[in-house]
Amino acid sequence: WNPQRLIPRLHVPTAIFLPGTAFGHWLMEDLPLFITALELSPSAPILVPKRHSKFIADLIKTLDREVIYLNGPVRVDSLILIQKNLDSGWPHPKDLEVLNHFPAFVAAKSKHSPSLRVYASRQGFKRSPENESQIELLFEEFGFKVFQLEKLNLFEEIGLLSSTSVLAGFHGSAHTNVVWMPSGGSILDIVNENYW
């Protein structure tokens, strides 16, 4: 019995794999390396799990590249993998530079001066506190606009956050969008004292 016979082979010289992790880790850890891989191998097709997140679908639409959707494991002769380093959660400045200079992201950024105050609501999603509707009202009294970032597409998020001067909300992946905010912006990360 040879298990390799059960795994289909893709007949491509090399391929790039785009992983689908949670949004915050994907944005700060996987995506900069994926963009770098695209530059290193300009003709390699992209391998993507058939079941992938909306933000991955948003990105794929902007790429002029063959995409191969996978139902499971495959064999290829050469594969460019995305590797996380030990400093998970602490992006390297070079990674932030890669994100902020990627042409599709540059085009999505707002041309308006950053003046918005955004409260990133988690209502209906993981880690939303029971009284979040009251918290939203409180922030609105201080001039914040409430958005559920999970309901926006990737490029709408970039446009919104690039015109934001203050981002507030409960601790979670929405705050990784700080990468799109202009320098001098502020973030208010609300965490339950028992969370850690």
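How many bridges join S7 to strand S8 (residues 186–190)? Five bridges do so, and the two strands run parallel. This is a predicted model, in which local features need pLDDT of at least 70, side-chain atom pairs count only at pLDDT 80 or more, and totals for chains, interfaces and linings use all residues. Residues are numbered from 1 along each chain as its sequence is written, and side-chain values use heavy atoms, leaving out hydrogens and water.

- Helices (H or I, at least four residues) and strands (E, at least two) are DSSP runs, numbered from the N terminus.
- Two strands count as paired if DSSP finds at least two bridges between them.
- S7 (residues 164–170) has six of its seven residues buried, so the rest of the structure largely encloses this strand; buried means under 20% relative accessible area, exposed over 50%, and partly exposed in between (1.4 Å probe, protein chains only).
- Strand S5 (residues 116–120) also pairs with S7 in the parallel sense, over five bridges.
- Leu-167 of S7 is the bridge partner of Val-118, and the bridge partner of Leu-167 in S8 is Ile-187.

**The largest nonpolar core**

- A nonpolar core is a set of buried Ala, Val, Leu, Ile, Met, Phe, Trp, Tyr and Cys residues joined through side-chain atoms within 4.5 Å.
- The largest one here has 38 residues, and Leu-18, Trp-26 and Phe-105 are among those with the most contacts inside it.
- Elements giving two or more residues to this core include strand S2 (46–49), helix H3 (93–101) and S5, while H1 gives the most, with nine residues.
- Leu-18 is in contact (heavy atoms within 4.5 Å) with residues including Trp-26, Phe-34, Val-48 and Leu-59, not counting residues up to four places away in sequence.

**Aromatic pairs**

- Rings of Phe, Tyr and Trp (its six-membered ring) pair if their centres lie within 6.5 Å; planes under 30 degrees apart count as stacked, over 60 as edge-to-face and the rest as tilted.
- A search of the whole structure turns up eight aromatic pairs.
- In one of them, the ring centres of Trp-26 and Phe-55 are 4.7 Å apart with planes at 45 degrees, so this pair is tilted.
- Because Trp-26 lies in helix H1 and Phe-55 in helix H2, the pair ties together parts 29 residues apart in sequence.
- Trp-26 is buried at a relative accessible area of 0%, and Phe-55 is buried at 15%.
- Phe-139 and Phe-144 pair edge-to-face, at 5.0 Å centre to centre and 90 degrees between the planes.
- Ring pairs also link Phe-102, Phe-105, Phe-155 and Trp-180 into a cluster.
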